[in-house]
Amino acid sequence: MSHSLEFANVVDQNKKIHPHKFTLWVGIASILMMFAGLTSAYLVKREQPGWTNFQVPLIFWYSTATILISSLTMYIALKSFRERSIIKYKRLVAVTALLGILFMVLQFFGFRQLWLSGMVLRGSGAAQFLYIIAGLHALHVLGGVIAVLTLFVRSGNARIRSYNIIPVEVVSTYWHFVDLLWIYLFIFFLWVQ
Amino acid sequence: MSNELAIHGQGETMVSHDAHHEHDLHHHKQSFITKYVFSQDHKTICKQFLITGIIWAMIGGLMSVIFRLQLGYPDSTFPWLEDILGKWAKGGKLTPEAYYALVTMHGTILVFFVLTGGLSGTFANFLIPLQIGARDMASPFLNMLSYWFFWLGSVVLLSSLFIETGPASGGWTIYPPLSALGDANLGSQAGMDFWIVGMALFVISSLLGGLNYITTILNMRTKGMSMTRLPLTIWALLFTAILGVLSFPVLLSGLILLMFDRHFGTSFFLSDIFITATQTALPNEGGSPILFQHLFWFLGHPEVYIIILPAMGLVSEVMAINARKPIFGYMAMVGSLFAITILAFLVWAHHMFVTGLNPFLGSVFVLLTLLIAVPSAIKVFNWLTTLWRGNLRFTPGMLFAIGFVSIFISGGLTGIFIGNSTLDIHLHDTYFMIAHFHLVMGVAAFFGMFCGVYHWFPKMFGRYMNNTMAYIHFWVTLAGAYLIFWPMHYEGLAGMPRRYMDYSGWSSFNKFAGLNQFITDVALIVFAVQLMFVFNFFYSIFKGRKVTTKNPWGANTLEWTTPIRPGHGNWVGEIPEVYRWAYDYGKDGKDFIPQTEPLGADEQHH
């Protein structure tokens with residue numbers, strides 16, 4: 001009896017998206033609108049006099065690779081959580097968080113390199129947009145790192161062992177989102193100069 | 001089941017239904033703090049939004065009274081003004097800086113903190129879970145955060161009134177370069193930073209709220225509550241939330257860029273500027289103030305629909321209930337809400353016809369703007385046909401609903417004038433514009449809000465508001481709204497410009513002195529009547545006539561199946577199941593058939 005109910009519930013769950021996941025998707029739409037606003041501002045502004053361009057520092061390629069790899073580790077982490085191999089999951093979550101931090105550090109060095117090459121905030125051009133847009137993106141990554149670390153801390157709690165997959169799925173979706181968002185921004189800055 | 005999850009936090013997702021049966025209303029032990037302050041109950045959060053909104057409305061309304069006194073009596077002095085405003089009204093006369101600051105803050109407060117936070121915040125929180133049959137929002141915690149960000153934004157904006165250089169004074173649209181240059185005027189200094197920070201907090205609040213509203217409506221409806229059985233209030237609140245979630249982030253990005261222009265020397269919006277006050281030429285070049293206007297109005301235009309759509313929803317619902325008739329053209333109502341939502345994103349540049357916008361681009365925006373007349377007219381037609389041969393009960397809520405339609409028509413028609421770029425170039429900077437938007441979005445949205453407050457007050461507080469005061473409130477406000485704003489159309493058509501504090505030395509327009517004085521007198525009376533409403537509101541919370549039946553209005557929707565004073569969780573026991581739409585009034589000889597009543601043998605699915 002209780003078994004069949006559980007089964008019915010699982011089927012029901014598969015059909016209907018969990019409210020927290022849905023909230024995340026709407027939130028993603030909202031964040032996208034902010035970056036759409038900023039990148040369209042860039043496109044409009046580019047036509048104005050006094051526009052200056054910059055050479056995309058090599059270091060951003062490394063940070064791009066880092067965040068791509070972190071998406072991969074997050075993906076495997078979720079997979080191992082599904083397979084209930086919690087030790088592996090814990091390890092991969094930690095690696096993801098570290099890669100996220102590394103990404104932010106690399107971004108910072110990218111900014112520094114640009115800044116030292118004379119692209120300061122005083123001015124008018126692509127670099128000023130980059131600082132703001134990539135800076136806001138890094139803030140979103142920071143939010144993701146905090147969420148991933150929360151997952152890690154929770155999984156370390158030996159007394160409460162939770163097999164609830166919803167928070168893990170929510171965080172991993174968000175993580176892939178900030179990854180894709182960076183890819184979009186990176187391509188944008190590479191191409192639209 | 002997801003409802004239970006949302007209230008009781010994280011849990012194993014794979015639990016069977018019967019584990020939840022012992023939950024009833026008083027599951028949590030609640031202290032005063034968790035019950036009334038950091039509450040996660042959507043009904044308490046609704047009241048927090050409503051009361052904060054009322055306080056804001058009184059502040060914002062008082063500001064308009066003060067600058068109306070200046071406009072109506074430009075030669076008089078009011079010593080009491082110096083008592084409350086100090087150096088901003090030396091000798092009892094407003095300084096120009098104070099006048100602009102008051103106008104700016106009046107706009108900001110009313111548009112965002114009253115008619116967005118106060119209106120959507122109140123009714124989305126209250127009605128969404130109650131009318132769709134959910135125990136609370138998808139995330140009660142985010143919902144609580146939404147209120148407290150609103151509160152924090154309110155505190156920041158309010159404190160800007162007390163700083164030495166005064167609050168922002170460049171208009172509620174904060175166009176650069178005025179807003180970007182601290183040297184430009186007093187209000188562009190610290191007051192502008194407070195404005196930006198306060199608004200950023202407000203945007204966060206509104207996003208957190210919006211995420212929750214959308215998710216809750218789409219995912220947490222009770223059994224049988226298909227989308228087409230939703231009351232129109234919920235449809236309106238859904239579209240409102242979608243507009244907010246997609247447009248507020250763009251304003252936020254504009255505000256961030258503005259902040260960098262203000263403090264870090266970037267040139268997003270600044271170009272080729274010489275400031276006479278300090279005799280300096282600024283190094284900025286290549287910035288585009290028009291770019292800011294695009295970013296601002298990409299939010300700013302949806303914003304006016306964020307204000308008016310909830311009012312439309314409330315009015316539709318209250319009108320059907322009190323006409324004892326189904327709403328006319330339910331699907332047309334939903335369709336027109338949808339059309340307005342789409343068009344809302346495509347017309348922003350009609351606010352910019354006088355900025356030197358490319359005339360060809362302008363003509364595209366004229367066409368799209370005028371298209372909004374179609375869904376608006378459909379809605380007006382449906383309200384009128386709902387009233388037609390209805391069995392009308394003139395409750396205060398109903399009167400305000402009918403008043404809404406009247407005001408919306410009057411204000412909406414002038415929208416067709418100024419939606420035309422050619423006419424707009426003449427009318428844009430005149431009182432005609434003030435008359436238009438105050439009627440169609442200011443007063444109309446307030447009528448929708450009053451309609452909602454009077455109608456749902458019994459559900460919110462278990463008591464009724466006083467009817468006598470409510471009727472006085474309605475008739476004086478309706479007459480007053482027309483007497484204030486109707487004459488402004490004439491002033492505007494005659495070319496009288498807006499944004500001036502004194503016309504007496506201007507021979508073209510000083511013939512309107514008497515009319516301006518009249519408008520001010522009416523505004524004073526109308527403001528006094530609003531204070532009476534506020535008194536009625538708070539008095540009735542404690543001393544109003546008690547509600548003795550669950551469903552005092554004979555309404556069909558689910559909120560009237562809850563106990564008179566519902567606890568957190570709304571329903572004792574199971575959430576009721578829904579079998580029909582919300583508008584079975586006067587059907588088959590029955591006065592009303594609640595949504596929870598199963599279909600009879602002779603009925604068809606709706």
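Contact means that heavy atoms lie within 4.5 Å of each other. The model shown in these views is predicted, so local features need pLDDT of at least 70 and side-chain atom pairs count only at pLDDT 80 or more, while totals for chains, interfaces and linings use all residues. Residues are numbered from 1 along each chain as its sequence is written, chains are lettered from A and ligands numbered from 1 in the order in which they are written, and side-chain values use heavy atoms, with hydrogens and water left out.

**View 1. Helices α11 and α12 of chain B.** Helices are DSSP runs of H or I with at least four residues, numbered from the N terminus. Helix α11 spans residues 359–371 and helix α12 spans residues 373–387; their axes come within 5 Å and cross at roughly 10°. Axes are lines fitted to C-alpha atoms over the stretch in contact, and angles run from 0 to 180 degrees between N-to-C directions. The two helices are therefore roughly parallel to each other, a term for angles under 35 degrees. On the α11(B) side B:T369, B:L370 and B:L371 meet B:A373, B:V374 and B:P375 of α12(B). By class, this contact has five nonpolar residues, one polar residue and no charged residues. Ala, Val, Leu, Ile, Met, Phe, Trp, Tyr, Cys and Pro count as nonpolar, Asp, Glu, Lys and Arg as charged, and the others, Gly among them, as polar.

View 2. B:H42 belongs to helix α3 (residues 42–72) of chain B. With 0% relative accessibility, B:H42 counts as buried; buried means under 20% relative accessible area, exposed over 50%, and partly exposed in between (1.4 Å probe, protein chains only). The side chains of B:H42 and B:N570 are joined by a polar contact of 3.0 Å. Such a contact is a pair of N or O atoms within 3.5 Å; within protein, one must be able to donate a hydrogen and the other to accept it, and residues adjacent in sequence count only if both atoms are side-chain atoms. Leaving aside neighbours within four places in sequence, the residues in contact with B:H42 include B:F126, B:R135 and B:D136.

**View 3. The surroundings of A:T64.** A:T64 is found in helix α3 (residues 59–82) of chain A. At 7% relative accessibility, A:T64 counts as buried. Its side chain reaches the backbone oxygen of A:F60 at 2.6 Å. Leaving aside neighbours within four places in sequence, A:T64 is in contact with A:W182, A:I183 and A:F186.

Note on methods: Angles under 35 degrees count as roughly parallel, over 145 as roughly antiparallel, 65 to 115 as roughly perpendicular and the rest as oblique.
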